[in-house]
Amino acid sequence: MSSEATGRSTLIVTSGLSRNAVIIRLEGELDVNGLPALREHLQRVWELPAKPFLVVDLGAVWFCDSMGMNELVEVLQRCEARDTRLLLGGVQGVMERVLSITGLRHAFEVFDHTDDALRLTRG
């Protein structure tokens, strides 16, 4: 049963820090029910001194609705205001299709594999 049907989040959010980046890993459904968990992590990110990069690992996201996409656009705008580059890693399958269908693929810096995004942060 989907999180829509149960009203419960099926999004797991974890995060970590490197020298130049904050890394957020998402697993599950990026939808209206998962947004509170994501926003809680992001609130802590916004309270930190700005890092050059924010990497969002989407490799384990198996569903994303319009609310999830809206949140990613808001994260992009917040990053731009902080002079932080937002890198989306693990963009394959569902996330690749959603970004392509919405026409937003070119709005983001997208990487098939999160490791490629992380390598860029090491400059």
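Visitor: What share of the 123 residues of the chain counts as buried?
Guide: The share is 44%. Buried means under 20% relative accessible area, exposed means over 50%, and partly exposed lies in between (1.4 Å probe, protein chains only). The model is a predicted one, in which local features need pLDDT of at least 70, side-chain atom pairs count only at pLDDT 80 or more, and totals for chains, interfaces and linings use all residues. Residues are numbered from 1 along each chain as its sequence is written, and side-chain values use heavy atoms, with hydrogens and water left out.

Visitor: Why does Asp57 count as buried?
Guide: Asp57 has a relative accessibility of 15%. The limit for buried is under 20%, so Asp57 counts as buried. Asp57 belongs to strand β3, residues 53–64. Helices (H or I, at least four residues) and strands (E, at least two) are DSSP runs, numbered from the N terminus.

Visitor: What is Asp57 in contact with, leaving aside its neighbours within four places in sequence?
Guide: Contact means heavy atoms within 4.5 Å. By that rule Asp57 is in contact with Ile24, Arg25, Leu26, Gly89, Gly90 and Thr114.

Visitor: What makes Ser15 partly exposed?
Guide: Its relative accessible area is 44%. Partly exposed is the range between the limits for buried and exposed, so Ser15 is placed there. Ser15 sits in strand β1, residues 11–17. Not counting residues up to four places away in sequence, Ser15 touches Ile23, Ile24 and His41.

Visitor: Which residues of helix α5 are buried?
Guide: In α5, residues 114–122, they are Thr114, Ala117, Leu118 and Thr121.

Visitor: Why are the buried residues of α5 said to line one face of the helix?
Guide: Seen down the axis of α5, they fall within an arc of 100°, so they line one face. The arc is that of the directions from the helix axis to the C-beta atoms. An α-helix has 3.6 residues a turn, so residues three or four places apart point the same way. The face of α5 turned away from the buried side carries the exposed residues Asp115 and Arg122. The cover over the buried residues of α5 includes β2 (21–30), β3 and β4 (85–89).

Visitor: How many helices and strands does the chain have?
Guide: There are 5 helices and 5 strands.

Visitor: Why is the chain called as compact as a globular protein of its length?
Guide: Its radius of gyration is 14 Å, close to the 14 Å that the globule rule gives for 123 residues, so the description applies. The radius is taken over C-alpha atoms, and the globule rule is 2.2 Å times the number of residues to the power 0.38.
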